[in-house]
There are 2 protein chains.
Amino acid sequence: RKVVIDLVKLREAEGPEAEMVTRYMSIIQVKRQDFNGRVLTIRRDDLQALAAILGSGVEETIPRLDELGLLFQPDAD
Amino acid sequence: RKVVIDLVKLREAEGPEAEMVTRYMSIIQVKRQDFNGRVLTIRRDDLQALAAILGSGVEETIPRLDELGLLFQPDAD
Ligand SMILES: Nc1nc2c(ncn2[C@@H]2O[C@@H]3COP(=O)(O)O[C@H]4[C@@H](O)[C@H](n5cnc6c(=O)[nH]c(N)nc65)O[C@@H]4COP(=O)(O)O[C@H]3[C@H]2O)c(=O)[nH]1
Ligand SMILES: Nc1nc2c(ncn2[C@@H]2O[C@@H]3COP(=O)(O)O[C@H]4[C@@H](O)[C@H](n5cnc6c(=O)[nH]c(N)nc65)O[C@@H]4COP(=O)(O)O[C@H]3[C@H]2O)c(=O)[nH]1
Ligand SMILES: Nc1nc2c(ncn2[C@@H]2O[C@@H]3COP(=O)(O)O[C@H]4[C@@H](O)[C@H](n5cnc6c(=O)[nH]c(N)nc65)O[C@@H]4COP(=O)(O)O[C@H]3[C@H]2O)c(=O)[nH]1
Ligand SMILES: Nc1nc2c(ncn2[C@@H]2O[C@@H]3COP(=O)(O)O[C@H]4[C@@H](O)[C@H](n5cnc6c(=O)[nH]c(N)nc65)O[C@@H]4COP(=O)(O)O[C@H]3[C@H]2O)c(=O)[nH]1
């Protein structure tokens, strides 16, 4: 399963964790010059960095992103 | 500088090195489901694997790909 972040939901999210995820995603968007603005798929390896940012274990990172409503749901619209 | 392979030129190229580069690119294309068919940009880290395939040092890989005519030239058409 790929880690696909919903950038629309990320912009609407509030709180310190959402802010940190926003900052991490911005760095990747700028490195790529990827301004599609809807979704951003990151590397499996990035879960390690996100876990450190969110203060969770690597295996809790995807559930935490899901709880925050930040994972892209392809069938949700 | 990104390593951008010209897939049109790769299809026209002949010889054992071109065949090995073709095989390596196919693996990446299938992993990504990326069938744009024109260009494929690979990771800097992949130069190590390509060097092993081409039997060159890592620093000679880009010049070798260039000699083989496989690097995408944005202003060439
Ligand atoms: N579809 C696809 N294409 C891939 C993949 N890996 C590399 N590429 C392609 O290869 C280019 C160079 O990758 P890089 O040398 O690792 O250099 C990358 C890398 O250092 C960093 N980067 C970009 N996206 C990510 C990401 O999601 N996570 C991390 N950790 N770094 C990233 O920014 C540099 C530039 O990125 P791009 O402009 O996107 O340029 C990327 C992209 O066109 C992949 O798994 N799937
Ligand atoms: N801009 C952007 N769009 C995203 C991202 N993640 C998902 N998508 C969207 O969802 C499809 C699947 O993306 P993928 O898993 O990265 O899989 C992609 C990717 O591996 C590769 N690809 C497509 N365009 C590029 C590109 O400009 N550069 C590189 N390096 N790879 C690309 O081809 C595959 C198929 O692409 P598509 O079906 O045309 O379209 C993409 C795109 O519409 C993202 O981080 N940024
Ligand atoms: N060595 C190498 N392996 C490659 C390359 N392209 C794809 N792969 C492998 O194939 C998996 C799926 O790639 P994707 O569909 O493009 O799906 C990718 C893509 O949508 C995005 N991504 C990762 N790195 C980059 C990057 O540097 N630039 C861009 N634009 N997107 C990236 O994150 C998704 C998941 O990445 P991973 O978990 O790393 O998982 C990647 C990686 O294991 C490549 O050029 N070189
Ligand atoms: N993971 C993911 N990332 C995406 C996707 N579409 C675009 N991107 C990201 O957004 C950047 C800009 O894409 P672009 O200008 O639409 O358009 C791209 C595209 O038209 C073309 N291109 C270059 N390399 C590739 C490649 O490996 N595959 C594909 N399909 N197109 C590529 O050149 C431009 C610059 O490409 P990049 O340097 O790779 O830089 C890409 C890549 O980092 C996607 O579907 N998935």
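## Chain A and the site of ligand 2

Mentor: In this predicted model, 60% of the contacts in chain A between residues at least 6 apart in sequence join residues at least 24 apart.

Trainee: Which secondary structure elements does chain A have, and how do they run from the N terminus on?

Mentor: Chain A has 4 helices and 2 strands, and from the N terminus on the order of its elements is β-α-α-β-α-α. The radius of gyration of chain A is 12 Å, close to the 11 Å given by the globule rule for 77 residues, so chain A is as compact as a globular protein of that length.

Trainee: How much of chain A is buried?

Mentor: Buried residues account for 35% of the 77 in chain A, while the accessible surface of the chain comes to about 5,100 Å², with 53% of that belonging to carbon and sulfur atoms.

Trainee: Switching to ligand 2, why is its site described as shared between chains?

Mentor: Residues from both chain A and chain B surround ligand 2, so the site is shared between them; the surrounding residues include A:Lys2, A:Arg38, B:Arg32 and B:Gln33.

Trainee: Which element gives the largest share of that shell?

Mentor: That is strand 2 of chain A, residues 39–42, which contributes 3 residues, and by class the shell holds 2 nonpolar, 3 polar and 6 charged residues.

Trainee: What about polar side-chain atoms and the nitrogen atoms of ligand 2?

Mentor: A polar side-chain atom of A:Asp34 lies 2.7 Å from a nitrogen atom of the ligand, and for A:Thr41 a side-chain N or O atom is 2.5 Å from a nitrogen atom of ligand 2. Of the 770 Å² of accessible area that ligand 2 has on its own, the protein covers 45%.

Terms used. Residues numbered from 1 in each chain as written. Chains lettered and ligands numbered in written order. Predicted model: local features only at pLDDT ≥ 70, side-chain atom pairs only at ≥ 80, totals over all residues. Heavy atoms only, no water. Near = heavy atom within 4 Å. Polar contact = N/O pair within 3.5 Å; in protein donor to acceptor, adjacent residues only side chain to side chain. Areas by Shrake-Rupley, 256 points an atom, 1.4 Å probe, with all protein chains shown as cover. Nonpolar A, V, L, I, M, F, W, Y, C, P; charged D, E, K, R; others polar. Rg over C-alpha atoms; globule rule 2.2 N^0.38 Å. Buried < 20%, exposed > 50% of the residue type's maximum accessible area, 1.4 Å probe, protein only. Contact = heavy atoms within 4.5 Å.
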